[in-house]
Amino acid sequence: MASTQIVLFDLPSKDPLVTWTPNPWKTRLVLNFKGLDYRTEWVEYPDIKPTLESHVSPDAGGTYTIPTIALPDGKYLMDSRKITDYLEEAHPQPTLRLDSLYLLKVEDLWSQYMGALRPVFIPEIPKRLLNDASIDYWYTTRERMFNMPLDRVEKELGGERGWNETTSVIQEITALLSENKGPFFEGEIVGYADFVWASVLLFLARIGPDFLDEALKRSGNAQVHLDLLEAVKPWSSKDH
C-alpha cells in the first residue's frame, strides 16, 4: 500500500532538535492543525539545493528554500504560503480562514518585523542554533546579504538600534490581537493569521528567553502575545 505520509523538509539545530525558524514553523503548525500524518526530514543549509533540485523549481531568485513538503503522490511544494494554500484546498477542514481580514495585515507586519529584526538575530543564529555543517554557509550568504561581516552588522545595525526598529511593528500586532479580546486575532476563532504571528514568537523563544523578553517588553502588552503562545500549544507541541 502506498504511503499517505507527508514529508516536511525542515532546518535542524543544535540540541534540542526542534523547529526554530519562522517559515517552517508556519507549515508545521498547519500540518498539526489539520491533523495530517507527516514526518520530518532535517536538511542542513548546504544540502538544501542538492536535496530539492531534482524535485522542484527554485524560487524567483533561483534559490531552493525550506520549508518544502513532499506529498504522498511524489509532488513537492516549496514556500510556506504555497504549501498552506494547497493544504487548505486539499484538506478544507478544519479551516485556516485564509479569507480573514486579519491575514493580509498580519502577513505584512510579519514581513516588516522580520526585516527590521534581521540585524539583531542574524549574527546570533550561528552562535546559538546552527550545527557546524551550516555555519560556513550562513556566514557566507548573510555577509553577502549585508555586504559586511556579521560582527560589524551586530555592532553597527543590531543591538538597541535594531530592536528599536521593531517596536512600532509589534505594537501594531498588539493592537490587532487586542481588538477581539483574544487569544486569537478573531477572538476565540483560530486561523492562519495566528500561526503566522506565532511563528515569530516561537522563533524568538527558540533563539533564547532574552530575545522573547526583549520583544515582549516593547510590545505594549506582553500578555496578549503570551496568551497566543499558550493558545497555539495544541499545534506547536509537536515540534520535531
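## Helix H1 and its length

Helices are DSSP runs of H or I with at least four residues, numbered from the N terminus, and the expected span of a helix is 1.5 Å times one less than its number of residues. For the 13 residues of helix H1 (residues 22-34), this gives 18 Å, which agrees with the 18 Å between its end C-alpha atoms. Gly35, which follows H1, has a positive phi, near 70°.

The model is predicted, with local features needing pLDDT of at least 70 and side-chain atom pairs pLDDT 80 or more, while totals for chains, interfaces and linings use all residues. Residues are numbered from 1 along each chain as its sequence is written, and side-chain values use heavy atoms, without hydrogens and water.

## Burial

Because 12 of the 13 residues of H1 are buried (under 20% relative accessible area, 1.4 Å probe, protein chains only), H1 is largely enclosed by the rest of the structure. Among them are Trp25, Leu29 and Phe33.

## Packing against H3

H1 and helix H3 (residues 80-90) pack at about 10°, with axes 9 Å apart; axes are lines fitted to C-alpha atoms over the stretch in contact, and angles run from 0 to 180 degrees between N-to-C directions. The two helices are therefore roughly parallel (under 35 degrees). In contact (heavy atoms within 4.5 Å) are residues including Lys26 and Val30 of H1 and Ile83 and Leu87 of H3.

## Packing against H9

H1 and helix H9 (residues 192-207) pack at about 130°, with axes 8 Å apart.

Notes
Buried < 20%, exposed > 50% of the residue type's maximum accessible area, 1.4 Å probe, protein only. Parallel < 35°, antiparallel > 145°, perpendicular 65-115°, else oblique.
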